[in-house]
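I opened my notebook to work through one model. My notes follow in the order I looked things up.

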Amino acid sequence: AGGGAQSPATARCGGTRGDGTGFAGWWRQPDRRSVAGELDAACARIGESERLFTELGQHDDAADALLDAAEVLLDRGATGDPELAAERVARARSVCADLGLRDARAKMLEARVALARADARTALRLLGEVVPAAEKEGDWEVLAQALAARALAHEATGAELHARRERERAVEVLEEKAALLPPDLRSAFWSDARRAALRAHH
């Protein structure tokens, strides 16, 4: 979804964002809230949303749900998750003949899959298409994620200077958007785990 807004699937399922507050840890724990457990539940909820959207003929929303699922799987990073994420992106492309503004996000997720497979060169090629497309569309969320992913790809190829510059650009994009928010909403903006980690690394 453009402009950093949550897609319908994520919004209706409560999302997967957060700073870790209230979790007993990362790994699944019986009768205790864990990050991995929440991600498992999010995958299930998003999968149900995708099924319902498809049945209703809401193909755009079904594609959003599939891209959401791919993102959750890549964030979870368990064995086999990159392959599952790639399958979700492929399904998004099949259920929605023209992804339109979603195409940049789909390619960004495909680049993350390539990174998970240690294929930095493919990731860089895809991200080279994503960054200008996201800039043109004004999709700052995808742009920030693409720049952060490109930093990881550069690191994987030993280009540390390029990696640092890409990470700085990603933080700049986020800081520009945060500056537009009322002061009382900025802490919530930076509580997003991915944004907080990028800012801390910077």
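I checked confidence before anything else. This is a predicted model, where local features need pLDDT of at least 70, side-chain atom pairs count only at pLDDT 80 or more, and totals for chains, interfaces and linings use all residues. Residues are numbered from 1 along each chain as its sequence is written, and side-chain values use heavy atoms, with hydrogens and water left out. The protein chain averages a pLDDT (the predictor's confidence in each residue, from 0 to 100) of 82. I found that 73% of the residues score at least 70.

Over residues 1-20, pLDDT stays under 50. Where pLDDT is low, the predicted coordinates should not be read in detail.

Next I looked up the secondary structure. The protein chain has 10 helices and 0 strands. Helices here are DSSP runs of H or I with at least four residues, strands are runs of E with at least two, and both are numbered from the N terminus.

I then noted burial. Of the 202 residues in the protein chain, 40% are buried, meaning under 20% relative accessible area with a 1.4 Å probe, protein chains only.

Then I turned to helix α4, residues 81-95. Helix α4 has 15 residues and reaches 21 Å from its first C-alpha to its last. That is close to the 21 Å expected at 1.5 Å a residue, taken as 1.5 Å times one less than the number of residues.

Which residues of α4 are buried? They are Asp81, Pro82, Ala85, Val89 and Ala92. They cover an arc of only 100° around the axis, so they sit on the same side of α4. The arc is that of the directions from the helix axis to the C-beta atoms. What covers them includes α3 (59-76) and α5 (102-116).

Conventions: Buried < 20%, exposed > 50% of the residue type's maximum accessible area, 1.4 Å probe, protein only. Contact = heavy atoms within 4.5 Å.
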